[in-house]
Amino acid sequence: MITEQVLRKLYALGVELHEEDVEPHSHTIDRVVEHAMSEMKDIFHFAREDGQLVVDDIRTRVVPMIRQTAEAGMLYQLLNKLQLEDDVTCRHSIAVAMVGVLIGQWLRLDDEQLALLATAGLLHDVGKLHVPAEILNKPGKLTAEEFAEMKRHTLYGYEMLRGQEGIDEPIALVALRHHERMDGSGYPYGLQGELIDLPSRIIAVADVFHAMLSKRVYKNELPFYQVIKEIGQSAFDQFDARVVTVFSRKMMETMIGSQVILSDGRIGTVLSVHPHDPANPLVRTGEQFIDLSSVQELNIVHFVPTP
């Protein structure tokens with residue numbers, strides 16, 4: 001991103017930029033999404049047809065894009081662009097990888113761990129390639145048998161990834177454990193607490209976050225604020241409290257300056273976020289300042305999307 005500060009530094013160095021030297025931010029997002037979607041479609045197609053994953057392609061072509069996009073702070077533009085894609089599995093995998101890397105950065109994980117999160121996020125749902133399409137795309141409620149088959153995608157994914165050349169065991173474990181929950185209510189094995197590895201705990205939050213934000217054939221998307229609030233309410237049972245605390249606060253902090261629609265219909269601007277109650281920030285509407293953490297009858301319904 002070329003900011004005024006960057007322009008001043010370039011000018012001081014005698015560098016002059018012209019219109020043909022730069023491109024609009026939206027063009028960068030479009031190119032990243034189109035490239036990532038194309039690569040993941042090819043990778044998943046090959047895996048579905050031949051049962052093999054081209055791991056080198058993932059690491060050399062897709063993971064660097066995810067890392068660079070996360071570092072550039074393109075999350076919301078990326079999510080909006082991904083919503084226009086029709087391949088649910090691919091777009092979800094890219095989004096989860098992106099959010100997983102962001103959480104890893106906020107937790108100050110090292111480069112090796114961030115690369116692991118990017119790869120694990122891209123491959124966490126690879127087992128769904130073995131789940132029948134009529135179950136994945138069913139518009140109504142799944143039967144008990146269909147839900148049991150859906151849950152097996154974690155086992156299918158682990159079997160596809162473990163022992164494969166270029167795939168480390170921690171990546172395969174994320175495919176297996178991203179639906180495990182801290183209180184033991186998850187699947188496939190009902191693991192609890194520290195028995196669930198940190199990458200799986202991170203991808204679990206990223207997975208739920210994007211799934212709740214996304215429209216599927218069987219459900220509508222939820223407002224961003226409601227997603228953050230519901231994940232925050234699960235911080236001390238289903239999810240790792242440290243991961244959720246950092247995730248909720250940092251996600252809301254990225255929205256400072258954004259316009260929001262309040263439950264009484266007014267439009268306000270997010271001014272600051274409370275560290276211990278990030279889902280209820282300080283908002284200004286007109287000349288009035290409203291601390292949503294102390295006004296129980298008022299809350300954020302939607303964020304006003306940026307053009």
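Counting rings of Phe, Tyr and Trp (its six-membered ring) as paired if their centres lie within 6.5 Å, with planes under 30 degrees apart stacked, over 60 edge-to-face and the rest tilted, the total is one aromatic pair. Phe209 and Phe247 have ring centres 5.2 Å apart and planes at 75 degrees, so the pair is edge-to-face. Because Phe209 belongs to helix H11 and Phe247 to helix H13, the pair ties together parts that are 38 residues apart in sequence; helices (H or I, at least four residues) and strands (E, at least two) are DSSP runs, numbered from the N terminus.

The model is predicted, with local features needing pLDDT of at least 70 and side-chain atom pairs pLDDT 80 or more, while totals for chains, interfaces and linings use all residues. Residues are numbered from 1 along each chain as its sequence is written, and side-chain values use heavy atoms, leaving out hydrogens and water.

Five strands form an open sheet in the order S4-S3-S2-S1-S5, with antiparallel pairing, where two strands pair if DSSP finds at least two bridges between them. Strands S4 and S5 each have a single partner strand, so one side of each is left without a neighbour in the sheet.

| Helix | Strands | Angle to S3 |
|---|---|---|
| H12 | S3, S5 | about 145 degrees |
| H13 | S2, S3, S5 | about 20 degrees |

Definitions and conventions. Contact = heavy atoms within 4.5 Å. Axes fitted to C-alpha atoms, helices over the stretch in contact; angles between N-to-C directions.
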